[in-house]
Amino acid sequence: DGNRETADRHYRRAIALFSDLSTPFYLARAQLEYAELLGGNDEAAALGKEAEAVFQRLGAVPWLTRARALSEAVPA
């Protein structure tokens, strides 16, 4: 619905849930998508780097490419 506060709340909940469930791929996807939403701040850079490391480890090339693009756009 375009509500940033609602999106923030849902992304934070998804990240916590995927972390609790120990599902690294879905956790990294949520982190990356939330980082993209956040834009160019420190939290976005940290989330993007975490996601990038997971995608690298899993060999998830399309997602890794997307995470690297974010890293280039949002310096740590």
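Thr65 is exposed, with a relative accessible area of 51%, and its place is in helix α4. That value counts as exposed because the cut-off for the term is over 50%. Thr65 and Glu52 are 13 residues apart in sequence, and their C-alpha atoms lie 8.5 Å apart in space. Everything here describes a predicted model, so please read it as a guide to that model.

**How α2 meets α3**

- Helix α2 covers residues 24–38 and helix α3 covers residues 42–58. Their axes are 8 Å apart, and the two helices pack at an angle of about 145 degrees.
- The crossing of these two helices, α2 and α3, is left-handed.
- On the α2 side, the contact is made by Pro24, Phe25, Ala28, Arg29, Gln31, Leu32, Tyr34, Ala35 and Leu38. On the α3 side, it is made by Glu43, Ala44, Leu47, Gly48, Glu50, Ala51, Val54, Phe55, Arg57 and Leu58.
- Sorted by class, the residues of this contact between α2 and α3 are 13 nonpolar, 2 polar and 4 charged.

**How α2 meets α4**

- The axes of α2 and α4 cross at roughly 35 degrees and come within 11 Å.
- Here too there is a handedness to note: α2 passes α4 in a left-handed crossing.
- Helix α2 brings Phe25, Arg29, Leu32, Glu33, Ala35 and Glu36 to this contact, while α4 brings Trp63, Arg66, Ala67 and Leu70.
- The contact of α2 with α4 has 6 nonpolar and 4 charged residues, with no polar ones.

**The nonpolar core**

- In soluble globular proteins, nonpolar side chains tend to be buried together.
- In this model, the largest nonpolar core has 20 residues. Ile15, Leu32, Leu47 and Phe55 are the ones with the most contacts inside it.
- Helices α2, α3 and α4 (61–73) each supply at least two residues of this core.
- Helix α2 gives the most to the core, with 7 residues.

**Aromatic rings**

- The structure holds 6 aromatic pairs.
- One of them joins Phe25 and Trp63: their ring centres are 6.2 Å apart and their planes stand at 90 degrees, so the pair is edge-to-face.
- This pair links distant parts of the chain, with Phe25 in helix α2 and Trp63 in helix α4, 38 residues apart.

- Gln31 is found in helix α2 and counts as buried, at 5% relative accessibility.
- Apart from its neighbours within four places in sequence, Gln31 is in contact with Ile15, Leu47, Glu50 and Ala51.
- Ser71 is found in helix α4. This serine, Ser71, is buried because its relative accessible area is 17%, and the cut-off for buried is under 20%.
- Not counting residues up to four places away in sequence, Ser71 touches Lys49 and Glu52.

**Residues in the loops**

- Ser22 is found in the loop between α1 (4–20) and α2, and Ser22 is exposed, with a relative accessible area of 60%.
- Most residues other than glycine have a negative phi. In Ser22, however, phi is near 55 degrees, a positive value in a residue other than glycine.
- Gly59 is found in the loop between α3 and α4. With 49% relative accessibility, Gly59 counts as partly exposed.
- Gly59 and Glu36 are 23 residues apart in sequence, and their C-alpha atoms are 21 Å apart in space.

How values were computed. Residues are numbered from 1 along each chain as its sequence is written. This is a predicted model: local features need pLDDT of at least 70, side-chain atom pairs count only at pLDDT 80 or more; totals for chains, interfaces and linings use all residues. Side-chain values use heavy atoms; hydrogens and water are left out. Axes are lines fitted to C-alpha atoms, for helices over the stretch in contact, and angles run from 0 to 180 degrees between N-to-C directions. Helices (H or I, at least four residues) and strands (E, at least two) are DSSP runs, numbered from the N terminus. A crossing is left-handed if the near helix is turned anticlockwise from the far one by less than a right angle, and right-handed if clockwise. Contact means heavy atoms within 4.5 Å. Ala, Val, Leu, Ile, Met, Phe, Trp, Tyr, Cys and Pro count as nonpolar, Asp, Glu, Lys and Arg as charged, and the others, Gly among them, as polar. A nonpolar core is a set of buried Ala, Val, Leu, Ile, Met, Phe, Trp, Tyr and Cys residues joined through side-chain atoms within 4.5 Å. Buried means under 20% relative accessible area, exposed over 50%, partly exposed in between (1.4 Å probe, protein chains only). Rings of Phe, Tyr and Trp (its six-membered ring) pair if their centres lie within 6.5 Å; planes under 30 degrees apart count as stacked, over 60 as edge-to-face and the rest as tilted.
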